[in-house]
Amino acid sequence: MSTIWIVLIAIAALIVGVALGFFIARKYMMNYLKKNPPINEQMLRTLMMQMGQKPSQKKINQMMRAMSNQNEK
């Protein structure tokens, strides 16, 4: 009977460890991406120029705001 309890405790500890690790890693990555966004204004300006658009500051600000709002959701 004691072997069953040991196995059950080990499985429960494994499940709790995986769940806790997932949430800690998710929180860490969200903070990292918030501090170091994957795209900045200069990259966005270059991308728009490569697509043949003339990037105005208003368009760039609008796109940065839209990406920021998307990341917050």
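Biologist: Which residue just after α2 takes a positive phi?
Modeller: Keep in mind that this is a predicted model. Just after α2, the backbone has a positive phi of about 90°. The residue with that angle is G52.

Biologist: What happens at the start of helix α2, and which backbone nitrogen does the side-chain oxygen of N40 reach?
Modeller: Helix α2 covers residues 41–50. At its start, a side-chain oxygen of N40 comes to within 3.3 Å of a backbone nitrogen. Polar contacts are counted within 3.5 Å. The nitrogen belongs to Q42.

Biologist: In which helix is confidence lowest, and in which is it highest?
Modeller: For the protein, the mean pLDDT is 90, and 96% of residues reach 70 or more. The lowest confidence, a mean of 85, is in helix α3, residues 57–72. The highest, at 94, is in residues 2–35, which form helix α1.

Biologist: Is R45 buried or partly exposed?
Modeller: R45 is found in helix α2. Its relative accessibility is 24%. Buried would require under 20% and exposed over 50%, so R45 counts as partly exposed.

Biologist: How far apart are the C-alpha atoms of R45 and I60?
Modeller: Along the chain, R45 and I60 are 15 residues apart.

Biologist: How many aromatic pairs are found, and why is the pair of F22 and F23 edge-to-face?
Modeller: Searching the whole structure gives one aromatic pair. The ring centres of F22 and F23 are 5.2 Å apart. Both residues are exposed. Planes over 60 degrees apart count as edge-to-face, so this pair qualifies with its planes at 75°.

Biologist: Which residues form a nonpolar patch on the surface, and how much accessible area do they have together?
Modeller: The patch is made of I4, W5, L8 and I9. Of these, L8 lies in helix α1 and is partly exposed, with a relative accessible area of 46%. Patch members need over 30%. Together, the four have an accessible area of about 450 Å².

Biologist: How far apart in space are L8 and M29?
Modeller: In sequence, L8 and M29 are 21 residues apart. Their separation in space, C-alpha to C-alpha, is 32 Å.

Methods:
Residues numbered from 1 in each chain as written. Predicted model: local features only at pLDDT ≥ 70, side-chain atom pairs only at ≥ 80, totals over all residues. Heavy atoms only, no water. Polar contact = N/O pair within 3.5 Å; in protein donor to acceptor, adjacent residues only side chain to side chain. Helix = DSSP H or I, 4+ residues; strand = E, 2+ residues; numbered from the N terminus. pLDDT = per-residue confidence, 0-100. Patch = residues over 30% accessible without salt bridge, like charges linked within 9 Å, V, L, I, M, F, W, Y side chains within 5 Å. Areas by Shrake-Rupley, 256 points an atom, 1.4 Å probe, with all protein chains shown as cover. Salt bridge = Lys/Arg side-chain N within 4 Å of Asp/Glu carboxyl O. Phe/Tyr/Trp six-rings, centres within 6.5 Å; stacked < 30°, edge-to-face > 60°. Buried < 20%, exposed > 50% of the residue type's maximum accessible area, 1.4 Å probe, protein only.
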